[in-house]
Amino acid sequence: MPRLTTQAEESNPKRKGYDFRVDNELYRSAIGPGREMTIQSSDVQDQGLNVKQNPEDFTSNIGRIYSRNDFSGGSNLDNAHKANGNPNDVTRFWDSESVDVFNTDLGKGYNVQLLHTTEKVQALSSAVNHMAVVGTRIYVSDDETLYKSDDGGANWSTVTEGLTAGYQIKGLAAHGDLLYITANNGSAGEIETLTSGGTSTQKMSAAVYDKIFSVKGQLIVSIGNALHAYDGVTTVGSAIVTLPSGQTFTDAADAGAVVLVTATDGRIYSLKDVTGTLTLKGQTEISGEQVTCIVESQGIVFYGTKELQTGSKVIGRLYRANLTVADDLYVLANNQLIKQWDVDGIDNSPNALFTTRDSVYTGIKESGSTSFLWRYYLPTAGIARYYKASAGGTVNNIASVNEKFLFTVSADGVYKQTSVYEQEGFLIAPPADFFTAENKQFVEASIEVEALSDSNTVELYLSNKYEAINDSNDSTWDLEVNALSGVGEESVQLSRVARYVVAKIVLKSPNQVNSPKFKAFRVRALARPELVVIQIPVNISDRVERPFRKPLLVKNLGETIYQALKNKEGNAVTLELYDPAEIVRGVVEKITYPIQSNPNVGSVTQYAILTVRGTRQETFSQVTSGDIPGVKGFAVMRFA
Amino acid sequence: MSTNIQGLVDRVYREYLEPMDDLTSYTVLNEGTELSASDTVITFDGNLLTQEEEDAMDAGTIIECERELMRCVSLDTVNNQVTVVRGVRGTIASTHPDGSVVKISPTFPRKNVFDAVCDQIKNLYPTLFATETLEVVVGDGFTLLGSYSAPGTNNYLVAPIKSISQYTDFSANSDTTNVVFRGVAVELIDLPNPFTYTDDTSTERTITYTTGPNVVHALQFSGIAAGHTAFVTFKKKFIDPTSETDTLATVGLEDEYEPIIMAGVAAQMLSGRDIPTATTDYITDQLSTSNFPVDSATRIRNSLLSYQRALIQQARKDLRARYPEPVTINNIVY
């Protein structure tokens with residue numbers, strides 16, 4: 001019985017007249033007049049997804065356009081196209097810095113522009129800082145020292161608060177027109193009030209008072225690991241909650257039905273006003289984490305946690321949750337992680353939350369030299385990096401006075417929003433792949449901006465490296481569009497073949513007087529016709545026609561070939577054509593019943609048509625050091 | 001130009017039957033030593049074959065080594081060996097040097113081509129003929145050509161074309177001054193084969209030819225004394241080749257007869273054959289370069305034969321120019 005020739009027998013099959021291989025078996029074609037081989041690219045299909053609800057527009061003749069004109073959905077979207085996405089994804093992006101993406105409710109057309117810078121307005125030497133705003137006066141403590149500003153944080157002065165010498169300020173609470181101060185030296189403490197006129201009065205000195213909070217019109221004060229109600233005068237009630245030894249309370253917030261108090265034991269305690277007395281009514285445990293701060297806004301509770309690691313690293317997390325009541329117990333339900341910060345060697349914990357009408361802010365130390373406010377935008381539930389302080393420290397306090405943000409960076413200073421713009425900011429869009437895992441030909445890109453002036457520019461950088469999103473300075477970012485004036489919209493021709501395209505938009509304002517306003521970008525791609533259908537007439541006669549040799553009959557060879565091919569129907573195979581050089585991995589769709597043709601008298605050709613559908617693979621023309629399995633080659637290569 | 005029959009056979013393959021891009025599948029003997037005439041296991045070089053070509057050497061297939069045909073009995077693809085029956089289809093088992101070409105199912109076996117060459121040479125006569133000039137010492141009566149011990153190929157002689165003599169004793173290195181050659185009347189006599197005679201020592205001898213025409217030849221001179229030397233030129237049939245090592249000169253072929261033989265062999269071999277397109281094209285090209293294109297209505301074989309006729313005609317003119325027909329009266333050539 002004749003054998004099928006395999007690659008093991010023929011080192012150079014093309015020279016011996018074999019026209020293609022299926023897996024490792026070599027075959028001869030029966031290509032001739034009337035029985036041509038066809039290689040047909042399959043049309044790009046719509047994948048059955050209704051992409052027209054997204055900004056992407058799909059047509060068969062112009063390819064696909066990946067565009068974005070709204071980024072108010074916030075950051076942290078790592079893939080523009082995924083099957084389990086939601087409609088908000090079309091307004092989301094991956095990362096940004098120094099650009100404001102949340103301005104959809106300002107009564108003006110949406111755009112992205114640079115944020116204002118911040119400046120240090122008061123130096124702080126201690127890591128123990130507190131801030132309280134009484135009316136428009138801002139108080140900031142620094143160890144034993146208390147500073148105040150009456151002009152929205154522009155100028156600061158030291159306040160003579162009358163605290164006992166050596167007492168470190170542990171808490172500030174604005175309660176009506178008074179500022180309550182708790183201070184201690186570790187073994188003794190006091191509570192003082194400070195009037196707007198600067199008159200200080202010692203209210204209590206019976207215990208080592210720690211933090212003080214003004215919530216729901218009442219004051220609560222922590223003494224060691226216990227929390228007490230305080231009437232604001234001379235009476236501290238009995239302990240409402242007592243924590244395990246060594247644990248402390250960190251923050252408190254009025255959540256409407258109850259007061260929520262956070263503690264380092266990983267719990268959020270719910271205190272309900274029962275006939276004028278705050279009573280513990282349940283708690284929520286965030287296991288494995290210490291709750292550091294809490295705030296309520298528009299019925300949603302936000303809280304930050306930290307997870308201690310060995311060394312100086314602290315993982316920070318921001319959650320949102322809903323307050324629910326069950327059996328007269330108030331607990332947080334539907335806890336959802338908004339974002340986690342996890343940078344090695346850095347205390348990434350959020351330590352303060354601040355809420356405005358539409359947003360919730362927290363502050364994160366991101367490196368040894370930079371700290372950022374992060375903004376959670378309530379209308380879209382998106383989060384993005386916000387104001388930047390050029391100092392690395394935990395942000396323990398955030399406030400807004402006179403439409404300007406202020407926040408403290410521990411052991412560094414009080415930072416205040418200025419009126420000038422950042423010189424540069426960027427926004428990295430999510431990698432796009434048009435729902436397909438195949439390479440595309442990216443052919444065109446453009447951006448739209450509002451009319452540029454004052455040397456402002458908007459640049460579009462592209463990378464085809466998915467991981468480029470992790471580093472705004474990645475070496476693969478290539479500047480493709482640079483709008484120096486006008487409104488952009490001029491398309492730039494691209495020549496990129498890749499699965500992903502990642503866009504980074506950089507806004508620049510050299511004079512920082514005003515900001516360029518970025519509106520939209522788009523990248524157009526054509527699908528690579530990689531899915532091909534190849535139909536090959538295969539010689540299944542007994543007649544072997546080797547080049548430069550007379551035809552030779554090998555009895556039953558045709559039947560052997562035909563049966564071998566028939567057994568491959570429906571199987572995954574690798575088809576390699578030698579001329580033209582093509583490698584296709586796919587499926588044998590069918591092998592037709594044998595056909596006989598008799599083009600020349602006395603010469604009968606029996607053939608069958610093999611149909612393989614699959615995707616094109618890289619072919620090797622010359623062997624290089626890169627052509628090894630796992631580098632450029634998938635698995636099998638041929639040394640010609 | 002060829003010097004022997006082997007060269008002529010190779011030319012036929014090269015120029016007509018097997019162009020370089022249309023060879024019969026072949027390999028070579030890889031015995032490491034000469035293949036004896038009795039060895040039935042042949043080791044071949046597998047690198048020259050595809051797997052299908054190897055498989056084609058399965059039982060029943062005829063392979064060829066030189067002019068011997070062998071029938072395959074079994075195939076060992078692991079050791080590249082095939083077991084054969086030697087010397088089939090009228091060929092003779094013989095030794096073959098290591099490295100000899102082994103063809104698989106040859107379309108044009110070398111044995112056939114050799115036989116066709118022989119046929120074509122034989123068939124050239126009487127259109128064309130060989131010539132031979134003999135130096136004969138005129139006897140008292142008839143002069144027998146050849147001897148009992150060395151009959152030669154005198155039975156292939158057909159007729160004297162001319163005969164000359166000095167009418168004196170001729171000796172080598174003699175002075176040629178005043179020596180004149182003149183025509184001699186001579187008649188070729190056909191004697192029975194074998195022919196018995198008594199030689200000058202009164203011993204009875206028999207001259208016998210076992211190959212070629214069944215005749216013994218003698219000459220009868222007129223008008224010349226016995227003992228004189230005459231030079232007689234004969235029209236002669238071509239000698240049948242018996243081996244590829246036979247030279248063309250031995251056979252009696254002129255150089256210009258080679259194309260005639262080749263065209264004739266090609267026509268003979270292609271007659272009735274399903275020849276591949278490649279070979280058809282090749283022969284057509286060959287004929288075109290010989291100013292004898294194959295027209296659309298003419299089969300290649302006919303064209304080859306027409307081409308051969310044209311060549312023969314040319315050769316005949318040359319022969320007539322060199323050897324005009326002699327004056328013959330009563331079979332005596334003057």
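1. **Ground rules.** Please keep in mind that this is a predicted model, in which local features need pLDDT of at least 70 and side-chain atom pairs count only at pLDDT 80 or more, while totals for chains, interfaces and linings use all residues. Residues are numbered from 1 along each chain as its sequence is written, chains are lettered from A and ligands numbered from 1 in the order in which they are written, and side-chain values use heavy atoms, with hydrogens and water left out.

2. **Chain A in outline.** Chain A has one helix and 51 strands (DSSP runs numbered from the N terminus, H or I of at least four residues for helices and E of at least two for strands). Its length is 640 residues, and 53% of them count as buried (buried is under 20% relative accessible area, exposed is over 50%, and partly exposed is in between, with a 1.4 Å probe and protein chains only). Among the contacts in chain A with a separation of 6 or more, 56% are between residues 24 or more positions apart (a contact means heavy atoms within 4.5 Å).

3. **Where the two chains meet.** Chain A brings 23 residues to the contact and chain B brings 29 residues. Between them the chains bury about 1,900 Å², with 46% of it on carbon and sulfur atoms (buried area is the accessible area, 1.4 Å probe, that two parts lose on being put together, summed over both). On the chain A side, Arg3(A), Arg549(A) and Lys550(A) lose the most area to chain B, and together they make up 40% of what that side buries.

4. The side of chain A that touches chain B divides into 12 nonpolar, three polar and eight charged residues (Ala, Val, Leu, Ile, Met, Phe, Trp, Tyr, Cys and Pro count as nonpolar, Asp, Glu, Lys and Arg as charged, and the others, Gly among them, as polar).

5. **A salt bridge between chains.** Five salt bridges cross the interface of chain A and chain B (a side-chain nitrogen of Lys or Arg within 4 Å of a carboxyl oxygen of Asp or Glu). One of them pairs Asp55(B) with Arg3(A), with the closest N and O atoms 2.8 Å apart. Asp55(B) sits in helix H2 (residues 51-55) of chain B and Arg3(A) in the segment before strand S1 (20-22) of chain A, so this pair joins two chains. Asp55(B) is buried at 10% relative accessibility, whereas Arg3(A) is partly exposed at 28%.

6. **Salt bridges within chains.** Over all chains the structure holds 46 salt bridges. In chain A, Lys508(A) pairs with Glu459(A), the closest N and O atoms being 3.3 Å apart. Lys508(A) is in strand S43 (residues 502-508) and Glu459(A) in strand S39 (residues 457-463), so the pair ties together parts that are 49 residues apart in sequence. In chain B, Arg110(B) and Asp10(B) form a salt bridge with their closest N and O atoms 2.7 Å apart. Arg110(B) belongs to helix H3 (residues 110-124) and Asp10(B) to helix H1 (residues 5-17), so that pair ties together parts 100 residues apart in sequence. Asp10(B), Arg67(B), Arg110(B) and Glu244(B) are linked in a network of salt bridges.

7. **A sheet in chain B.** S9(B) (residues 157-165) and S10(B) are joined by two bridges, and Ser165(B) has Arg182(B) as its bridge partner.

8. **A residue to look at in that sheet.** Thr233(B) is in strand S15 (residues 229-236) of chain B and is buried, with a relative accessible area of 5%. Its side chain makes a polar contact with the side chain of Thr133(B) at 2.8 Å.

Technical notes
Polar contact = N/O pair within 3.5 Å; in protein donor to acceptor, adjacent residues only side chain to side chain. Pairing = 2+ DSSP bridges.
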